[in-house]
Amino acid sequence: MIGAIIAKQKTREKFADRNRGDIDTFLDNWAEDATFIFPGQSEMSGTFHGMSEIRPWFKQFRQQFPQVNFEIKQIFVGRIWAIGATNELAVQWNTTLWNQDNQKMQGQGVTIVHLQKGQLVLAHEFIFDLSPSFFQANQPAAH
């Protein structure tokens, strides 16, 4: 039970890092060979393997969305009685994002997280109820 409490607290801290744009701190417990999956059919969508692909993805996302607010609604822990730092989490959230043109987008989603020995090895985001402009605004700005 203590492991579940710690996992929930750490998850809230990591989402706060993401909201602040502190990408390095947000990613500091990700395994070097982690996988991140982002849904959809935009240029940002896909499966990203390893920190050499994941870190630039989050930095580009932050450039496209300079203001981000993920509000955690619930955190579900897969193995509440697990001892150690290996577990699965589901994080339900609402988000409000503003792109470079100050367009506001809102959505809801769930991030599934797999932890092994305290390191995040897989994060898979599922996004629901998007504002109509979300994926249009989720394109790199023309230069």
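Let's start with cavities: how many of 30 Å³ or more does a search of the whole structure find? The search finds two. Keep in mind, as we go, that we are looking at a predicted model.

I'd like to show you the second largest cavity. Its volume is about 40 Å³. H3 gives the largest share, with three residues.

The largest pocket has a volume of about 380 Å³. It is lined by 27 residues, and the closest to its centre are Lys10, Thr11, Asn29, Leu89 and Leu115. By class, 16 of the lining residues are nonpolar, seven are polar and four are charged. Which element supplies the largest share of this lining? That is H1, with nine residues. Several elements give at least two residues each: helix H1 (2–20), strand E1 (30–38), strand E4 (87–98), strand E5 (104–116) and strand E6 (119–128).

Those strands bring us to the sheet, so please turn the model until you can see the strands side by side. This is an open sheet of six strands, and the order across it is E2-E1-E6-E5-E4-E3, with mixed pairing. Why is one side of E2 and of E3 left without a neighbour in the sheet? Strand E2 (46–49) and E3 stand at the edges and have a single partner strand each, so one side of each has no neighbour there. On average, neighbouring strands of this sheet are turned by 20 degrees against each other, if we ignore direction.

Let's walk through some of the pairs. E1 and E6 run in the parallel sense and pair over four bridges. One place to look is Ile37, whose bridge partner in E6 is His124. Next come E5 and E6, which pair in the antiparallel sense over nine bridges. Then E4 and E5 are also antiparallel, with 12 bridges between them.

Opposite Val110 stands Gln92, and the bridge partner of Val110 in E6 is Phe126.

What about the helices? H1 lies across E3, E4, E5 and E6, and runs at about 170 degrees to E3. H3 packs on the sheet too, where it touches E1, E2, E3 and E4, and its direction makes about 50 degrees with that of E1.

Let's zoom in on one residue of helix H1, namely Lys8. Is Lys8 buried or partly exposed? It counts as partly exposed, because its relative accessibility is 34% and that class covers values between 20% and 50%. Which residues does Lys8 contact, leaving aside its neighbours within four places in sequence? The answer is Ile75 and Val77.

Last stop, two loop residues. Find Asn102 in the loop between E4 and E5. Asn102 has a positive phi of about 65 degrees although it is not a glycine. With a relative accessible area of 58%, Asn102 is exposed.

The other residue is Lys117, in the loop between E5 and E6. These two strands form a hairpin with two residues between them, and Lys117 in the turn has a positive phi of about 55 degrees. Lys117 is not a glycine either. Is Lys117 buried or exposed? Its relative accessible area is 76%, so Lys117 is exposed.

How values were computed: Residues are numbered from 1 along each chain as its sequence is written. This is a predicted model: local features need pLDDT of at least 70, side-chain atom pairs count only at pLDDT 80 or more; totals for chains, interfaces and linings use all residues. Side-chain values use heavy atoms; hydrogens and water are left out. On a 1 Å grid over the protein atoms alone, a cavity is a set of points where a 1.4 Å probe fits but cannot get out, and a pocket is an open set with protein on both sides within 12 Å along at least five of seven lines; lining residues have an atom within 4 Å of a point. Grid points are joined across faces, edges and corners, and a volume is the space filled by probe spheres set on the points. Ala, Val, Leu, Ile, Met, Phe, Trp, Tyr, Cys and Pro count as nonpolar, Asp, Glu, Lys and Arg as charged, and the others, Gly among them, as polar. Two strands pair if DSSP finds at least two bridges between them. Axes are lines fitted to C-alpha atoms, for helices over the stretch in contact, and angles run from 0 to 180 degrees between N-to-C directions. Contact means heavy atoms within 4.5 Å. Buried means under 20% relative accessible area, exposed over 50%, partly exposed in between (1.4 Å probe, protein chains only).
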